[in-house]
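Subject: Structure handover

Hello,

Here is the structure I promised to pass on. Please open it and keep it beside you while you read.

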Amino acid sequence: MSRLRHRAIAGLALAVAMCGFAQAADVKLAGKLTVPPNSSVVAICTDPVVQNVLNEDLRAARHGQPSNPDDSVTLTVTVNQQMLAPGVSLNQMFPGDPSMVELLKQAGAEPPPLADAGNQPVDPFANEARRQALAPDDPVTERFRTYQASQQAAGALTPYDNIPKNQIYDTVIVARASLEGAADELKVVAVVHAGDDVRIAKELVAEEIANAILH
């Protein structure tokens, strides 16, 4: 059984034990990574969680094999994390690569505008109607969100204003991986649903990248 499957099963069991239901991040990939034969991979990543998981997986794959720096290639992974809150733009989420919008759609999230400085009035009712059409809630959650939208429209404070934003909005994690001296690139987009664990989602992203290299 792969480490990715072990992690997924362990996370699912823990969540079910705590609340009876688990909702994993939605992860989508595009592209590929091709490692030269007999080469070892050294990972360099901008995110410490992804870096640690990659190091663990690559170290496990090299177990019992001698390390030769002359035969190693560098894997570079850049990670960008953005919350899908009002004001975020595609330029922030996918710097220089709006083509990744398709991956975001496949992961179940609605792409924000290409360039939104966040200084335009936000219509909470329009946002709520659009979100509800994409992902209908249960009746209790729907009533709460509708109430919250009405209070926002009136400019009034609500008892929910102090709730952390990551409990209200989804978070998008974008990773781009490339190997030294190769034109190939792997793109990974993960949508972390409101209230879910971003760290676990990053671990899943790292596992996907490691699997692309090792299999």
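Below is what was found in it, from the whole chain down to single residues.

Please bear in mind that this is a predicted model.

**The chain as a whole**

The protein chain has 7 helices and 5 strands. Along the sequence they follow the pattern α-β-β-α-β-α-α-α-α-β-β-α. Of its 215 residues, 33% count as buried. The chain exposes about 12400 Å², and carbon and sulfur atoms supply 54% of that area. Take the contacts between residues at least 6 apart in sequence: 70% of them join residues at least 24 apart.

- E1 and strand E5 (residues 185-192) run antiparallel, joined by 6 bridges. Leu-29 stands opposite Val-188 in E5.
- E2 and E3 run parallel, and 6 bridges join them too. Here Ala-43 faces Leu-75 in E3 as its opposite residue.
- E3 and strand E4 (residues 171-179) run antiparallel, with 9 bridges between them. Leu-75 turns up again, standing opposite Leu-179 in E4.

In general, strands of a sheet pair through backbone hydrogen bonds, either parallel or antiparallel.

Next, look at helix H2.

The crossing is right-handed. Which residues make the contact? On the H2 side they are Val-49, Val-50, Val-53, Leu-54, Asp-57, Leu-58 and Ala-61. On the H7 side they are Arg-199, Lys-202, Glu-203, Ala-206, Glu-207, Ile-209, Ala-210 and Leu-214. By class, that gives 10 nonpolar and 5 charged residues, with no polar ones.

**Two residues to look at**

Val-77 lies in strand E3. Is Val-77 buried or exposed? Its relative accessibility is 0%, under the 20% cut-off, so Val-77 counts as buried. Setting aside neighbours within four places in sequence, its contacts include Ile-44 and Cys-45. Val-50, Leu-54 and Ile-209 are also among them. Those three residues belong to the contact between H2 and H7 as well. Ala-175, Arg-176 and Ala-177 touch Val-77 too. Val-77 and Ser-178 are 101 residues apart in sequence, yet their C-alpha atoms are 6.6 Å apart.

Ala-109 sits in the loop between helix H4 (101-106) and helix H5 (124-134). Its relative accessible area is 8%, again under 20%, so Ala-109 is buried. What does Ala-109 touch, not counting residues up to four places away in sequence? The answer is Leu-84, Leu-104 and Val-191.

Best wishes

Notes
Residues are numbered from 1 along each chain as its sequence is written. This is a predicted model: local features need pLDDT of at least 70, side-chain atom pairs count only at pLDDT 80 or more; totals for chains, interfaces and linings use all residues. Side-chain values use heavy atoms; hydrogens and water are left out. A crossing is left-handed if the near helix is turned anticlockwise from the far one by less than a right angle, and right-handed if clockwise. Helices (H or I, at least four residues) and strands (E, at least two) are DSSP runs, numbered from the N terminus. Contact means heavy atoms within 4.5 Å. Ala, Val, Leu, Ile, Met, Phe, Trp, Tyr, Cys and Pro count as nonpolar, Asp, Glu, Lys and Arg as charged, and the others, Gly among them, as polar. Two strands pair if DSSP finds at least two bridges between them. Buried means under 20% relative accessible area, exposed over 50%, partly exposed in between (1.4 Å probe, protein chains only). Accessible areas come from the Shrake-Rupley method with a 1.4 Å probe; for residues, only the protein chains shown count as cover.
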